[in-house]
Structures are given as C-alpha cells and as structure tokens.
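Hi everyone, and thanks for coming.

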Amino acid sequence: MCGIIGYIGHRNVVNVILSGLTNLEYRGYDSAGLALRDGSDIKVYKTLGKLVNLKNELEARKSELYNVTCGIGHIRWATHGSPSLVNAHPHSCTCGKLVVVHNGIIENYKELREELIKKGCEFKSQTDTEVIAHLVANEYSKAKNLEMAIQNSVAKLQGAYAICVMHKDVPDLIIGARKHAPMLIGVGDGENFIASDTPAIIEYTKKTIYLDDNEIAIVTKDSVKIKDINGEEIDKKIEILPWEPIALSKLGYKHFMLKEIYEQPDVIRNVLNGKIYDIDEPIILNEVKLDKETIRNLKKIEIIACGTSLHVGLVAKYVLEDFTGISVEVEASSEYIYRKTTTDSSTLVIGVSQSGETADTITAIKQAKAKNAHVLIVTNRPDSNMARLADSLIPVNAGIEVSVAATKSYIAQLVSFYLLGIYMAEVKGTLDSDYLKNLKHEIIQLPTKVEEILSCTNSIQTCAKKFSSFKNFIFIARGVNLATAYEGALKLKEVSYINATGYAAGELKHGPIAMLDETMPVLSILMSGGITYEKVLSNSEEAKARNAKLIALTSSNDEKLDSLFDVVLRVPQVREILSPIIACVPCQLLAYYIAEFLGKDVDQPRNLAKSVTVE
Ligand code: F6R
C-alpha cells in the first residue's frame with residue numbers, strides 16, 4: 001500500500017527520496033509524487049503509474065531545481081478517489097504553501113471537508129488526505145507555529161494516519177505524526193529521515209526511532225524531537241535495524257520472488273536455529289510467555305489471519321490439533337470481527353501476518369485482547385504494529401520479503417507453527433517420546449529436502465510452459481494439504497492472473513466437477529504415506545474421466561501415476577503432517593514460471609499491496 005519517505009540533510013534530496021520510494025515499491029501503488037524545498041520555494045511533482053515515470057519527470061525538469069534542502073515523497077495505492085494525478089500525493093492547501101503526504105484513511109474526512117469548504121478552502125482532489133493539508137494550514141494561520149498547528153489538527157482527525165508535512169514559511173523542517181499507521185525516524189549524522197517502513201532508509205542508516213500512536217516527530221537535519229499531542233517531549237529509544245541493505249538486492253535472480261523461493265532452505269534453518277538443538281531435548285521457545293499451567297488448561301486456540309497467512313493458519317489447525325489435542329478454529333480476520341466469538345481468558349488467540357500491519361488482523365487482535373485472551377503473534381516483522389500488541393511474539397526471521405507474493409515468509413510461519421505445536425505437546429505430554437524424536441529428526445532434514453526440489457526445477461518449468469495458456473485451474477487436496485491447494489491456487493492467481501481455485505478433493509463431485517473438461521486442468525496434491533493419498537488419487541481419476549488435464553504433485557514413486565497424469569511433479573517423501581512444507585515449494589515455482597513465461601510483473605502484481613493497512 002502507500003509508502004512515505006521524508007529526507008533532510010546533506011545528500012542529494014531527490015536521489016534519496018527516489019531510492020527510498022523504490023525500496024517501498026514492493027508494497028504496491030498506482031501513482032507517485034514528491035515535494036521539494038528548493039531555496040524559499042516548495043515544488044511538487046507527481047506522476048501516474050510506476051516510479052520510473054516520476055524519475056523521468058524529475059530528470060527532464062532538473063534544470064528547475066537549484067538548492068533542494070529537504071523533501072517528502074509518497075507512493076499512493078488509491079483508496080479515496082481514482083488513481084489520477086490530482087489524487088496523487090503530496091497534497092497542498094489552497095495557497096500551496098503547505099504540503100502533506102499521508103498513509104491511512106481519515107474516517108471523518110467528509111465532515112471536515114464540508115467545514116473547511118465553508119471556511120473558504122478550495123479542494124482539488126477526491127482524497128481524504130487533502131483535508132489534512134487544509135486543516136493544518138488553517139490551524140497554522142491561527143497558531144503561526146507548525147508544530148502546534150499539527151497538534152491541533154491531529155486532535156480533529158478520526159481514523160488512521162502517518163503524515164509528513166512541510167510548510168514554505170518554515171524552512172528546513174519536516175514534521176511527522178502517526179496514529180494506527182506505521183512511521184519511523186531514521187537517525188543520521190547531519191541528516192535525518194522519516195519513513196513508513198524500514199526499507200526506505202536502510203541504505204543510509206540503521207538507527208531508528210519507532211513512533212507510537214499520537215506521537216509527533218519534529219525533524220531537522222541535526223535534530224529529532226518526539227512529542228505527544230500535548231507538546232510534551234518524549235524520551236524515545238534508538239533501535240538498531242536488524243536488516244542489511246543486501247536484502248533489497250536481487251543478487252542475480254530475475255525477480256525477488258524467485259530469489260525468495262530459493263532462500264527458503266536457509267529461512268527454515270534460521271527458524272530452527274536455537275530452538276531444536278538436540279532431538280532428545282525439549283524445544284526451546286522462550287518467545288511463548290504463557291506459563292505451563294495455562295498451556296495445560298487452554299480450552300481453545302483461535303487463529304486469525306488473511307490471505308497466505310490464513311493458509312498458514314489452516315495448516316496449523318491440523319498440526320496443533322494433532323500434536324496437542326486442543327481444538328483450533330481458523331478464521332479470516334475480516335470475518336472474525338463480525339462474530340460474537342466465545343473467546344475468553346482460556347483461549348489462546350494467534351495472529352499470523354508477514355507484514356504485521358494488516359488492518360483487519362489488527363482489529364481482530366484488539367477484539368480478542370478486549371476479551372482477555374492471551375495474544376500470540378507470528379510475524380516476519382517484529383517491529384510492526386501487530387508485534388507491539390502481542391502478549392507473546394514469535395518473530396519468524398525470514399528477512400525482508402520484497403516480492404508482493406509471499407513465499408519465504410509463508411514457509412517460515414509454517415515451520416514456526418510446527419515448533420509451537422511440539423513445544424505445547426511437550427508441555428502437555430500429548431506425544432510419546434519416540435514419535436517426538438522422529439518428528440524433530442525429520443524437521444531438521446526439511447531444509448535439505450527443499451534444496452532437493454530447488455536443485456532441479458526442469459520439470460516444473462516445462463509444466464509451466466505447457467499449461468501457461470490455460471485460463472482456469474483447479475488445485476485439489478485433502479487433509480493437511482488442503483491449505484496447500486488453496487495457497488497454490490492463490491499464488492497462481494496473484495502473479496499470473498489465471499483463475500485458479502483450491503478445493504477439498506472430496507468436494508469436487510459436489511459441484512465443481514461440472515466445470516471439468518479439457519480446458520480446466522486439475523493439479524492434485526498426493527502426498528504418500530498418509531491417509532489421504534488413495535482418496536485424492538480416486539478424485540483425480542474422476543477428473544480424468546471428464547477429460548481434464550491432470551498434474552500430480554506427489555511424493556510417491558508409483559509408476560501408475562505416470563499413465564494417469566499428464567505431468568507428474570515429484571518431491572521428496574516426508575511424513576504427511578510435515579508435507580505442506582515440501583508441497584508448497586513446487587506450487588510457488590509453478591506460479592512463478594507461468595507468470596514469468598507470460599511476461600507478468602511478477603514482483604509487483606497489479607492491484608496488490610504487500611501491507612494491507614486498510615480494512
Ligand atoms: C499473498 C499475500 C497476501 C497476504 C495477506 C495478509 O501472497 O501475501 O495474501 O498474506 O495480504 O498479509 P499479512 O500476512 O501481511 O497479514
């Protein structure tokens with residue numbers, strides 16, 4: 001979704017802002033813009049579409065710029081008003097002296113807009129953001145102090161905002177403020193940054209101050225002051241970012257998505273590191289702050305998440321129920337919030353989110369907290385809003401994921417749930433010690449098995465070419481891999497725009513079978529050694545009888561599959577409960593290669609955003 005960077009300091013301001021926005025590009029956007037203080041002027045440039053258009057515009061107009069000392073930049077993912085130049089940020093007040101960029105949604109913008117129009121403000125856009133520009137300008141005309149004008153203005157805003165403001169009459173100052181939308185300060189030497197996310201600043205500094213809700217940052221090139229909305233100064237800690245700038249490089253891969261798929265063996269090793277060190281010893285999971293007695297008495301676990309993270313939750317249901325005997329409910333956060341749930345203090349609520357910023361999940365988590373549940377967050381962003389709400393936090397440490405389509409964060413979250421399941425089973429004594437030893441032994445082998453898949457992807461690439469012209473796909477599976485079917489279909493949809501649906505294989509004959517013919521390929525996930533293999537095989541035969549083209553994703557060496565299926569993609573054998581870790585990888589690769597073959601914008605699929613910060 002939208003991204004913000006503000007910069008004040010000795011470097012080339014335009015370059016810093018453009019590179020910051022480039023590093024936020026992965027979040028998804030449809031227009032971009034920046035405002036630059038040039039001498040005593042403020043100059044605004046905006047373009048539609050990709051950042052390259054803004055770069056070209058600035059290149060063409062660089063002779064207009066003389067002495068740029070600071071600036072604020074934005075990429076916009078349209079919410080209020082279409083993606084258009086007039087709706088792109090920065091927005092200005094009527095006289096054009098004040099500029100603002102904004103992430104989030106102002107819920108009371110209609111009322112504010114009417115009031116401001118009555119006061120003579122002239123609105124140009126359909127955005128909620130423009131009210132902030134007029135509101136702050138209005139307050140500034142009374143207070144003659146930008147800091148106070150912002151304090152007075154934010155008190156009137158309802159909803160979510162991270163804003164950066166500059167004023168023509170207040171040289172070399174950028175002010176930021178936030179509520180329910182992320183914002184951080186990058187602290188430098190003779191320079192400072194304001195950004196909505198760490199990749200925007202990582203090239204320049206690792207020293208960061210995270211703003212909390214209702215805080216205002218007053219930033220010059222030599223100083224950063226953080227105040228509350230009453231103007232009281234707050235002493236904030238400088239944190240050191242754990243990321244390296246190299247995380248934002250493709251390292252020779254054509255796309256970040258492919259690079260991130262290939263990082264997965266090491267990502268799994270990272271998750272296991274320090275948690276399983278000896279198969280005879282209990283798992284170490286210091287992140288879980290529930291005491292052992294509470295774990296033993298838990299009545300229910302609720303997992304809430306969206307999209308790919310929801311699919312992690314669906315796998316986790318099988319794993320946690322199997323390992324611990326505790327009943328697990330999994331629900332999309334956007335639905336959980338409308339239900340009178342039976343959540344209470346004997347419920348463990350687990351929020352799963354790669355970004356830690358998903359608005360629906362944050363709302364759901366707050367709802368669960370209000371019912372006294374212990375909230376555990378599984379996320380790749382320990383610096384996120386969601387992480388700050390957690391009673392227990394499992395950071396999955398997959399490293400920055402740049403591709404919008406989640407891959408390595410998915411596998412890291414999955415592995416974290418296996419560890420959580422074992423940890424809880426060890427506390428509750430629900431699994432016998434031989435089973436536990438074998439299970440841990442197999443988990444330790446997982447990175448090597450994923451490497452085996454990644455070392456030979458020819459058959460997946462050939463399959464991708466063969467099937468790239470189909471307009472529809474069905475993925476089927478049963479049991480713990482039903483979520484893999486959902487996730488495989490979602491990945492394909494996201495990056496190739498091919499219509500793909502995941503179904504419980506047993507449900508095929510209850511409706512979807514009507515769609516089957518030679519134009520509708522079926523990908524069957526058949527993991528051997530468990531209870532679902534034979535049944536999914538029969539369901540695949542039913543599809544074959546309706547002339548569907550068949551792809552098998554299987555760990556079986558049974559030669560019979562080669563005659564039944566048009567393509568057989570073989571993966572290493574693991575016990576069925578662990579097989580989602582193995583089965584998801586060919587699904588990711590298939591989606592990637594089909595999209596790449598079709599020439600799609602793999603890393604930034606249309607309409608999608610990496611952090612979905614609106615409900
Ligand atoms: C798909 C994808 C999305 C996210 C969803 C929730 O590849 O990444 O479906 O999983 O938008 O986001 P998070 O996990 O950040 O809460």
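First, some ground rules. This is a predicted model, where local features need pLDDT of at least 70 and side-chain atom pairs count only at pLDDT 80 or more, while totals for chains, interfaces and linings use all residues. Residues are numbered from 1 along each chain as its sequence is written, and side-chain values use heavy atoms, with hydrogens and water left out.

Let's begin with the ligand. Which residues come nearest to it? Of the 14 residues around the ligand, they are Ser-309, Ser-353, Ser-355, Thr-358 and Glu-494. By class, the shell has five nonpolar, seven polar and two charged residues. Here nonpolar covers Ala, Val, Leu, Ile, Met, Phe, Trp, Tyr, Cys and Pro, charged covers Asp, Glu, Lys and Arg, and the others, Gly among them, are polar.

Now for some distances. An N or O atom in the side chain of Ser-353 sits 2.6 Å from an oxygen atom of the ligand. For Gln-354, a polar backbone atom is 2.8 Å from a ligand oxygen. Lys-491 brings a polar side-chain atom to 3.0 Å from an oxygen atom of the ligand. Taken alone, the ligand exposes 400 Å², and the protein buries 91% of that; these areas come from the Shrake-Rupley method with a 1.4 Å probe, and for residues, only the protein chains shown count as cover.

Which elements give two or more residues to this shell? They are helix 9 (307-324) and helix 16 (482-496). Helix 9 provides the largest share, three residues. Helices here are DSSP runs of H or I with at least four residues, strands are runs of E with at least two, and both are numbered from the N terminus.

Let's stay with helix 16. Its 15 residues reach 21 Å from first C-alpha to last, close to the 21 Å expected at 1.5 Å a residue; that expected span is 1.5 Å times one less than the number of residues. Helix 16 is mostly covered, with twelve of its 15 residues buried. Buried means under 20% relative accessible area, exposed means over 50%, and partly exposed is in between, using a 1.4 Å probe and protein chains only. Just after helix 16, Tyr-497 takes a positive phi of about 65°.

Next, find Glu-302, in strand 16 (residues 300-305). Is Glu-302 buried or exposed? It counts as buried, because its relative accessibility is 1%. Its side chain makes a polar contact of 2.6 Å with that of Tyr-336. Such a contact is a pair of N or O atoms within 3.5 Å; within protein, one must be able to donate a hydrogen and the other to accept it, and residues adjacent in sequence count only if both atoms are side-chain atoms.

Finally, the loops. A cis peptide bond joins His-89 and Pro-90, with omega about 0°, and Pro-90 lies in the loop between strand 4 (68-76) and strand 5 (91-92). Lys-144 is not a glycine, yet has a positive phi of about 55°. You'll find Lys-144 in the loop between helix 4 (129-143) and helix 5 (146-154), and it counts as exposed because its relative accessibility is 59%.

Definitions and conventions. Near = heavy atom within 4 Å.
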